[in-house]
Amino acid sequence: MAEQNTGDRRPTVIADELHIVYRVNGAKTGKGSATAALSRIIKRGEPRGVRKVHAVRGVSFTAYRGEAIGLIGSNGSGKSTLLRAIAGLLPAEKGKVYTDGQPSLLGVNAALMSDLTGERNVILGGLAMGMSREQIKERYQRIVDFSGINDKGDFITLPMRTYSSGMAARLRFSIAAAKDHDVLMIDEALATGDRAFQKRSEERIRELRKEAGTVFLVSHNNKSIRDTCDRVLWLERGELRMDGPTEEVLKEYEKFTGK
Amino acid sequence: MTAAPSPDESLPAADLAAKYGLAVSGARPSLVEYVRQLWSRRHFILAFSQAKLTAQYSQAKLGQLWQVATPLLNAAVYYAIFGLILDASRGMSHDTYVPFLVTGVFVFTFTQSSLMSGVRAISGNLGLVRALHFPRASLPISFSLQQLQQLLFSMIVVFLVVIGFGNYPRLSWLLILPALVLQFLFNTGLAMIVARMGAKTPDLAQLMPFMLRTWMYASGVMFSINHMLAGRPDWIVRALQANPAAVYMDLMRYALIDGYGASNLPPHVWALALGWAVVVFCGGFVYFWKAEERYGRG
């Protein structure tokens with residue numbers, strides 16, 4: 001009986017009682033003066049000025065191929081942290097994350113440099129995501145067209161610091177979406193850009209879902225979650241509060257936030 | 001498709017993962033696999049170092065000219081202080097001393113700036129480390145590579161100065177290449193070591209300039225160890241000359257300057273240069289890899 005189901009229900013991400021703890025340097029409550037810091041070092045060597053933030057507390061779920069999963073919750077509820085842990089970028093304190101292939105976070109912006117031209121950033125971002133030079137050359141034109149950067153003149157050859165924030169965000173999303181991902185995680189990327197670009201982005205996310213497997217989307221915009229996701233995880237204070245079909249969870253969430 | 005209970009859900013997570021061949025996310029790869037991953041990212045490493053180098057002066061009016069102008073000004077300052085005011089040229093003619101000083105400054109700066117950028121390679125790029133997947137050793141290697149390219153620009157100045165003081169290109173100039181390769185390996189190894197330490201203890205970036213300055217004065221950048229320590233016990237001179245910074249500087253000077261003969265080199269100098277490079281590079285690489293899965297935490 002299990003075998004009948006496995007054909008279309010292959011798990012791609014399994015989180016098992018996952019706990020994530022951040023360690024923050026120099027954020028210890030109390031006096032921040034140099035002498036206070038010195039006396040702390042002298043008194044006890046170990047936890048000098050280190051504060052722990054328990055960001056995710058025992059989250060378990062299983063995601064399947066072909067699903068688009070929305071992550072909702074108020075600010076600081078651990079959504080982005082959870083995504084990073086799934087991507088293997090933050091080590092788990094306790095519990096484990098199992099994944100099929102390499103999940104990627106749509107976070108190419110970190111590799112881009114505002115002093116370089118858009119053109120060079122496309123190449124740099126592509127390489128940073130692990131694409132080969134040939135792949136980038138082949139997809140370069142599609143990336144530029146998708147971003148719409150050149151719609152108003154030849155902006156791609158200008159340094160990225162001259163772009164408006166919307167333009168930069170569009171280019172970032174275009175670069176990141178150019179790669180085929182097994183598991184793709186998107187963190188609030190759709191909030192930026194004009195309406196036309198948002199439509200194109202949602203279209204691309206649906207495409208990625210068809211090609212690849214699982215898409216995770218963090219958003220505070222309930223409408224874009226409704227448009228793209230079929231399942232929603234609701235995180236609150238690092239705990240999984242609800243996990244179910246989009247409508248059910250969003251209804252409860254909207255009740256909770258008083259909308 | 002909803003999260004309706006399926007027969008698989010009665011399985012414990014670990015068994016379910018095993019059944020479908022899922023792997024633990026973010027586990028450290030084996031050393032061989034790590035080298036393979038790193039090799040597949042070689043284009044990124046190179047592109048990242050070049051991008052950093054270009055971005056460095058992109059706001060300046062003179063632009064990339066600063067690549068050459070900065071080392072030239074540096075050399076002029078050191079010459080004014082050590083050549084003219086302090087007269088540290090003991091035991092060397094003026095024509096030997098100026099190229100001696102300039103070569104020393106640039107070769108040491110290569111190691112120095114590799115270390116300085118290495119210590120911040122992880123801690124200064126946490127955004128990148130937390131957003132994208134790549135072997136983390138790409139960062140210190142890429143920064144060392146950036147410094148190597150910077151040094152190649154500086155070499156233009158070195159050649160000008162060396163030729164300007166009457167040392168014309170000869171066959172021994174070819175020795176620059178192996179010397180540079182070995183020094184690059186040494187620097188990269190060291191950068192990986194301090195990158196791991198700096199990732200855990202960012203305070204190291206504050207301490208680094210002091211350690212580097214001490215090292216610089218002990219390595220004979222602006223004076224000849226042989227002449228300055230003449231009359232002191234032999235082992236002190238040998239120990240100072242065997243220190244890697246001194247070894248790579250001396251090799252470069254020996255290759256470029258006519259008046260700086262083999263008598264200035266410590267015995268077995270190439271063996272020392274090779275030994276430092278291999279031991280520090282391999283040691284640094286393994287040391288860095290051992291903490292691979294922990295970079296980016298906290």
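This is a predicted model: local features need pLDDT of at least 70, side-chain atom pairs count only at pLDDT 80 or more; totals for chains, interfaces and linings use all residues.

Modeller: Residues are numbered from 1 along each chain as written, chains are lettered from A and ligands numbered from 1 in written order, and side-chain values use heavy atoms, without hydrogens or water.

A search of the whole structure finds one cavity of 30 Å³ or more, a cavity being a set of points, on a 1 Å grid over the protein atoms alone, where a 1.4 Å probe fits but cannot get out. The volume of the largest cavity is about 50 Å³, counted as the space filled by probe spheres set on points that are joined across faces, edges and corners. Its lining residues, which have an atom within 4 Å of a point, include S219(B), F223(B), N226(B), D250(B), R253(B) and Y260(B). By class, the lining has three nonpolar, six polar and two charged residues; Ala, Val, Leu, Ile, Met, Phe, Trp, Tyr, Cys and Pro count as nonpolar, Asp, Glu, Lys and Arg as charged, and the others, Gly among them, as polar.

Y260(B), one of the lining residues, is buried, with a relative accessible area of 4%, where buried means under 20%, exposed over 50% and partly exposed in between, with a 1.4 Å probe and protein chains only. F100(B) is also buried, at 0% relative accessibility. The rings of F100(B) and Y260(B) form a tilted aromatic pair, 5.4 Å centre to centre with 50° between the planes; rings of Phe, Tyr and Trp (its six-membered ring) pair if their centres lie within 6.5 Å, and planes under 30 degrees apart count as stacked, over 60 as edge-to-face and the rest as tilted. Because F100(B) lies in helix α5 (residues 94-119) of chain B and Y260(B) in the loop between α12 (244-256) and α13 (269-289), the pair ties together parts 160 residues apart in sequence. Over all chains, the structure holds 18 aromatic pairs.

Key. Helices (H or I, at least four residues) and strands (E, at least two) are DSSP runs, numbered from the N terminus. On a 1 Å grid over the protein atoms alone, a cavity is a set of points where a 1.4 Å probe fits but cannot get out, and a pocket is an open set with protein on both sides within 12 Å along at least five of seven lines; lining residues have an atom within 4 Å of a point.
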